[in-house]
Amino acid sequence: MNHRFGPQAPAFSTININETIERALASAGLQTKSGPMLDVTETIRRALASAGIESAPAPQGVDASVIDVVARVVNTTPDEGTATRRAPVTNEAPAPGEFVTREFSNRAGKRAYKLYVPTRIPDTPVPMIVMLHGCTQSPDDFAAGTQMNRLAEEHGFLVVYPEQAANANASKCWNWFNAQDQMRDSGEPSLIAGITREVALHHLVDPRRIFVAGLSAGAAMAVVMGETYPDLYAAIGAHSGLPYRAAHDIPSALAAMKASPRSMGGQANLPGTASAPRTKISHAVPVIVFHGDRDHTVRQTNGAEIIQQACNAHAATSGESALRVSIHEGKTPRGRAFSRTVHADAAGHPRIESWVLHGAGHAWSGGHASGSYTDGAGPDASAEMIRFFLGQPRSGSA
């Protein structure tokens, strides 16, 4: 749509402008209410005012400095890209298994985590899913929204929820954009891998069926874990995330999330910009990706780039020029249209799977309203990830 600026131009939504700026800054762990970024946001507001656009205050009870959860999210309108703000739902009964808190530490620091053990578990080695929450979320919040513990009861697997520490990131985002947090045996990857191994050591876990998944910053970190620990994780699930090494610092992280070189002041060919050369990954770890095509927090092109990295890695390591691709179009009972693309190997096993959610924003597809950042219109990302994970052929060991 072309806009003409002048007396006949449509009015801007100042609340949306301010919220977009503050969400983008806070998503990278930057506080806009205090510290150096306060001056930045005030400068932006003054610039808007000088253009004749008055800054509107954030609504009462909403902390505009928080990106990932300004409120509980339920989006059931298929054509609506922005999520509806709702109050938390607290009457959902928890899954009946054991949900305990533990702590792990190594040279990189320490992190708390929660472990869910279902009520009925076989005497044989079981799968394990490592779930990495998004910014401002907690293990309990993420478990409620994804309903992964209920799937653990149904299928008989363990679920581990590492928790980002507030002193590591003010918005509790995983620091997927820091160079030291993109390497094996360093920073946060070493902590998440250490938690994974600790749980596997103390429980009867099948080392060939350990998987990692996440939302937003957690999804970006899940991709990091797949590349840095391919011997530990058998497959990756990324919901609304970013590709490996999409950024190297906070400014490039903001640019990568928007997938536009304009976010870097028009500078091209820098890490985290749309014109930057693609980063290659070395390990063809199976991956399933979910992304809304109206996600204005992390643009859907990031999900497409995760898929492209995976396809390139598979072609380079398997000797096959390409996987067999099939595309399926569908619609959920609640009206959400989606496109599902499956890349299968010669034996017919899905190695790479992409779900583009038409009209969806930045929220866990099919999630429950008792958790934050959820979209009840579906499809059920949790169930589809488990189907993909458990359907992977068992090969190798950790």
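This is a predicted model. Begin with two helices: select α4, residues 148–155, and α9, residues 381–390. Their axes come within 10 Å and cross at roughly 45°.

On the α4 side, pick Met148, Leu151 and His155. Facing them from α9 are Ser382, Ala383, Ile386 and Leu390. Which classes of residue make up this contact of α4 with α9? There are 5 nonpolar and 2 polar residues, and no charged ones.

For a second pair, select α5 (residues 187–202) together with α6, which covers residues 217–228. Here the axes are 10 Å apart and the packing angle is about 80°. Since angles of 65 to 115 degrees count as roughly perpendicular, that is how α5 and α6 are described relative to each other. From α5, the residues in the contact are Glu188, Pro189, Ile192 and Ala193. From α6, highlight Met221, Val224, Met225 and Thr228. Sorted by class, this contact has 6 nonpolar residues, 1 polar and 1 charged.

Next, go inside. In soluble globular proteins, nonpolar side chains tend to be buried together. In this model, the largest nonpolar core has 55 residues. Helix α6 supplies the largest share of this core, with 8 residues. Which residues have the most contacts inside the core? They are Trp176 and Tyr233.

Leaving aside residues up to four places away in sequence, Tyr233 touches Val130, Ile192, Ala193, Thr196, Ile210, Phe211, Val212, Met225 and Val285.

The last stop is helix α3, residues 139–146. Why is α3 described as largely enclosed by the rest of the structure? Because 6 of its 8 residues are buried. Color the buried ones to see them: Pro139, Asp141, Phe142, Ala143, Gly145 and Thr146. Then step on to Gln147, which follows α3 and has a positive phi, near 60°.

Terms used:
Residues are numbered from 1 along each chain as its sequence is written. This is a predicted model: local features need pLDDT of at least 70, side-chain atom pairs count only at pLDDT 80 or more; totals for chains, interfaces and linings use all residues. Side-chain values use heavy atoms; hydrogens and water are left out. A nonpolar core is a set of buried Ala, Val, Leu, Ile, Met, Phe, Trp, Tyr and Cys residues joined through side-chain atoms within 4.5 Å. Buried means under 20% relative accessible area, exposed over 50%, partly exposed in between (1.4 Å probe, protein chains only). Helices (H or I, at least four residues) and strands (E, at least two) are DSSP runs, numbered from the N terminus. Contact means heavy atoms within 4.5 Å. Axes are lines fitted to C-alpha atoms, for helices over the stretch in contact, and angles run from 0 to 180 degrees between N-to-C directions. Ala, Val, Leu, Ile, Met, Phe, Trp, Tyr, Cys and Pro count as nonpolar, Asp, Glu, Lys and Arg as charged, and the others, Gly among them, as polar. Angles under 35 degrees count as roughly parallel, over 145 as roughly antiparallel, 65 to 115 as roughly perpendicular and the rest as oblique.
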